[in-house]
Amino acid sequence: MTEYRVYALCYGHRTGTRGQHFLGCDEHEWNQPHPTAYYVWLAVSDNHTVLVDAGIRPERAGELDSYEPPAKVLSEFGVPATAVNRLVLTHLHYDHAGTVADFPHARYVVQRQEYEYWTGPWARRITREQWLLDGEALEFLGNAGQRLDFVDGDLEILPGLSVHLVGGHTAGMQVVRVATAAGPVVLASDAAHFAENLEDDRPAPLVHTMTGMYGAFDRVKELAGPGGRYLPGHDPVVLDRFPAEVPGRVVRVA
Ligand SMILES: [Zn+2]
């Protein structure tokens, strides 16, 4: 069986508030500062270099306290952007799809449902979702032609690496399961922004459907299996929990 080495690459930080990240905050909890990290994830086998998500474009990184373009973090780790041959987009929010144009040899993998939602009639009418869109990234994908692979549901896109439609956070949110020597690792991305969202069964307020969000929690646990590992999308704890490859930037997860 093909096994991958899996890394989390942190390209930025911001101090948010707990109210932005947890439903049901009272007034006191709402304003408490809540450190937030921004990641892309890398899965490497003998034959493939797979990047999961593309992060924020520099033009939209102004709200962050620290930022480096994801391709730069990757190259500092020794992986040039040209080496990436698959770029899986968990969803099309601006902080996950922004730098798609920086990976010239990648095939892009996105759920059809996700792409159709953001290019269709609804997203542009729903004010609370409009700001999450990156029009340039979407336009780039629209022109990617043969390099854009749509998935409907669950699919093993490479031996040992599969995508799974979960919805909830967005219309076509997908998570990625990767086979490693230490067992499966699930890259949950924003299906669980923080470990606390999933562990306390408490979604973030930014949701497409609430039922989908809870369903996604269950699916992430199921895919990770007993004692399995999953990586939340924005939790700074990931940087402390795993051995550093580049201090403060890159950790090896498995
Ligand atoms: Zn998101």
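This report walks through a predicted model, looking at its annotated domain, one group of strands, its aromatic pairs and its cavity.

## Reading the model

Because this is a predicted model, local features need pLDDT of at least 70 and side-chain atom pairs count only at pLDDT 80 or more, while totals for chains, interfaces and linings use all residues. Residues are numbered from 1 along each chain as its sequence is written, and side-chain values use heavy atoms, with hydrogens and water left out.

## The annotated domain

An unreviewed UniProt entry carries the annotation "domain: Metallo-beta-lactamase" for residues 37-234; such annotations may be inferred rather than shown by experiment. The end C-alpha atoms of this span lie 5 Å apart, and the span is 26% helix and 25% strand. Helices (H or I, at least four residues) and strands (E, at least two) are DSSP runs, numbered from the N terminus.

Let's look at β9. Strand β9 covers residues 161-165, and four of its five residues are buried (buried means under 20% relative accessible area, exposed over 50%, partly exposed in between, with a 1.4 Å probe and protein chains only). Strands pair if DSSP finds at least two bridges between them. Three bridges join β9 to the antiparallel strand β8 (residues 155-158), where L155 partners V163 and E156 partners S162. The β8 and β9 hairpin has two residues between its strands, and G160 in the turn has a positive phi of about 85°.

Five bridges link β9 to β10 (residues 174-178), again antiparallel. Here H164 stands opposite V175.

## Aromatic pairs

Rings of Phe, Tyr and Trp (its six-membered ring) pair if their centres lie within 6.5 Å; planes under 30 degrees apart count as stacked, over 60 as edge-to-face and the rest as tilted. The count comes to 10 aromatic pairs. One of them is F22 with F194, tilted, at 6.0 Å centre to centre and 40° between the planes. F22 lies in the loop between α1 and α2 and F194 in the loop between β11 and α8, so the pair ties together parts that are 172 residues apart in sequence. F22 is buried at 1% relative accessibility, and F194 is buried at 2%.

## The cavity

A cavity is a set of points on a 1 Å grid over the protein atoms alone where a 1.4 Å probe fits but cannot get out; lining residues have an atom within 4 Å of a point. Grid points are joined across faces, edges and corners, and a volume is the space filled by probe spheres set on the points. The search finds one cavity of 30 Å³ or more. Residues lining the largest cavity include H93, H169 and H208.

Conventions: On a 1 Å grid over the protein atoms alone, a cavity is a set of points where a 1.4 Å probe fits but cannot get out, and a pocket is an open set with protein on both sides within 12 Å along at least five of seven lines; lining residues have an atom within 4 Å of a point.
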